[in-house]
Amino acid sequence: MKQKNEKNYYEFLEITPAAGLEEIEAAYRSAKAVYGDDSVAVYSLYTAEERQEMLTRLGDMHATLTDPVKRKGYDEYLRSTGIARRHDWDVHSVHSGKDIFEEYTEVGAFKDKLSLRQPLTVMDGQDPMVVERYRILYMKLEQAALKNSYKTFAITSSVKGEGKTMTALNLSYVMATEFKKKVLLVESDLRNPTISTSWLDMGRLHGLVDVLKGDSDLRNSINRLEDTNLYFLPARCSVKNSSVLLDSPNMRTVLNKAKEDFDYVIVDSPPILPLADISILSKAVDGLLLVVRAGVTPKDIVAKAVNSLPKQNIIGIVLNGADDAHMKKYYY
Ligand SMILES: Nc1ncnc2c1ncn2[C@@H]1O[C@H](COP(=O)(O)OP(=O)(O)OP(=O)(O)O)[C@@H](O)[C@H]1O
Ligand SMILES: [Mg+2]
């Protein structure tokens, strides 16, 4: 289906950390002011069957995560898969007793090699509203960051393709260039690493997958986008058993170490489905930003997705793709 609007506008809806159905409903009601009557999430790109399947799966997850007994079993299952598979990866033997950051010194030591294959939306300068949206998003993020001493933010969404990567890239870029923050963008969507495959000229560079497997140290895998304060830790390649790698102690070390050296760490994350990845990641970051593709993701799916997340701060919802005309009406 062709999108109504090719541009990107973002509205940050304030949702409390433990947002329930009512708050999501309220957020959508206020979004209606932006979109106009009945145009919010009234259609879906999914077929009725796909939508039903997603709802059922989210319902199952929600039931699992909210029932203490089932939750315990689920956590044990995750742990056991992790330990069993980790043995296959041999991460422990690679690192036995050795700190993967042994040679890591300071941010200034990183290489300056990265360039983007295509300009970001915020770079094209065609529409100042776009940059303005990201500025507002950053300022909201900063409020949450300062209030709670947050530094690491995972950007996720209910399902695939809602604009996580675009949000992560454009937001990080605005933070680094306009607000002069030292930002690290980590690509943690290891099943679908589009930053590595579509956005960056990776060449022979290493990435997060190599760091997690113990084949490269962090310093050798972080690179700076030329002429900016924006650093990337791309995945480099896709892996099937992403949960195993993300659940490794190395991932927590990466994020903790990054916290020391950067003002902010933005983590381009997998969607909530499949749950394992985001449930692991959400424990490793300070806050979650949920991207909702406006007019595409049905609100019941968003509400279920939010309720499926572990008790972690969802600091806000980014509504991606609001209609141009309605946005203008709203802002002028
Ligand atoms: N507001 C928008 N208007 C038009 N196209 C958009 C908009 N937001 C995202 N897209 C397009 O939708 C596609 C998916 O966007 P993106 O890769 O950012 O989503 P994602 O949530 O990271 O997806 P995935 O789950 O596959 O990683 C891209 O082709 C992007 O250009
Ligand atoms: Mg993506």
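Modeller: One definition is needed first. A residue is called buried if 20 or more other C-beta atoms lie within 10 Å of its own, and exposed if 12 or fewer do. Note also that this is a predicted model.

The helix to look at is H5, which covers residues 128-148. At 1.5 Å a residue, its 21 residues should span 30 Å, and its end C-alpha atoms are 30 Å apart, so the two values agree.

Next, its sides. The buried residues of H5 are Val-130, Arg-133, Tyr-134, Leu-137, Tyr-138 and Leu-141. Viewed down the helix axis, these buried residues fall within an arc of 130 degrees, so they line one face of H5. The face turned away from that buried side carries Pro-128, Met-139, Leu-146 and Lys-147, which are exposed.

What follows the helix is Ser-149, with a positive phi near 55 degrees. Most residues other than glycine have a negative phi. Ser-149 is not a glycine, yet its phi is positive. This residue sits in the loop that runs from H5 to strand E3 (152-157). Ser-149 counts as exposed because it has 7 C-beta neighbours inside 10 Å, and the cut-off for exposed is 12 or fewer.

Asp-227 is another non-glycine residue with a positive phi, about 65 degrees. Asp-227 is in the loop between strand E5 (223-225) and strand E6 (230-233). With 9 C-beta neighbours inside 10 Å, Asp-227 counts as exposed too.

Now the rest of the chain. There are 13 helices and 9 strands, and 45% of the 332 residues count as buried. Among contacts with a separation of 6 or more, 83% are between residues 24 or more positions apart.

Helix H6 (residues 164-177) has 14 residues, of which 13 are buried, so H6 is largely enclosed by the rest of the structure. H6 also gives the most residues, 3, to the shell around ligand 1. That shell has 17 residues, and the closest are Gly-163, Lys-164, Thr-165, Met-166 and Gly-321. By type, the shell is made up of 2 nonpolar, 10 polar and 5 charged residues.

In soluble globular proteins, nonpolar side chains tend to be buried together. Here the largest nonpolar core has 77 residues, and those touching the most other members are Val-183, Leu-184, Val-265, Ile-266 and Val-267. H6 gives the most to this core, with 8 residues.

Apart from its neighbours within four places in sequence, Leu-184 is in contact with Ile-222, Tyr-231, Leu-233, Ala-258, Phe-262 and Val-265.

H10 covers residues 249-261, and its 13 residues reach 19 Å from the first C-alpha to the last, close to the 18 Å expected.

To return to your request: the buried residues of H5 line one face, and the helix is followed by Ser-149 with its positive phi.

Methods
Residues numbered from 1 in each chain as written. Chains lettered and ligands numbered in written order. Predicted model: local features only at pLDDT ≥ 70, side-chain atom pairs only at ≥ 80, totals over all residues. Helix = DSSP H or I, 4+ residues; strand = E, 2+ residues; numbered from the N terminus. Expected span 1.5 Å × (residues − 1). Near = placed C-beta within 6 Å. Nonpolar A, V, L, I, M, F, W, Y, C, P; charged D, E, K, R; others polar. Core = buried A, V, L, I, M, F, W, Y, C linked by C-beta atoms within 7 Å. Contact = placed C-beta atoms within 7 Å. Arc of directions from axis to C-beta.
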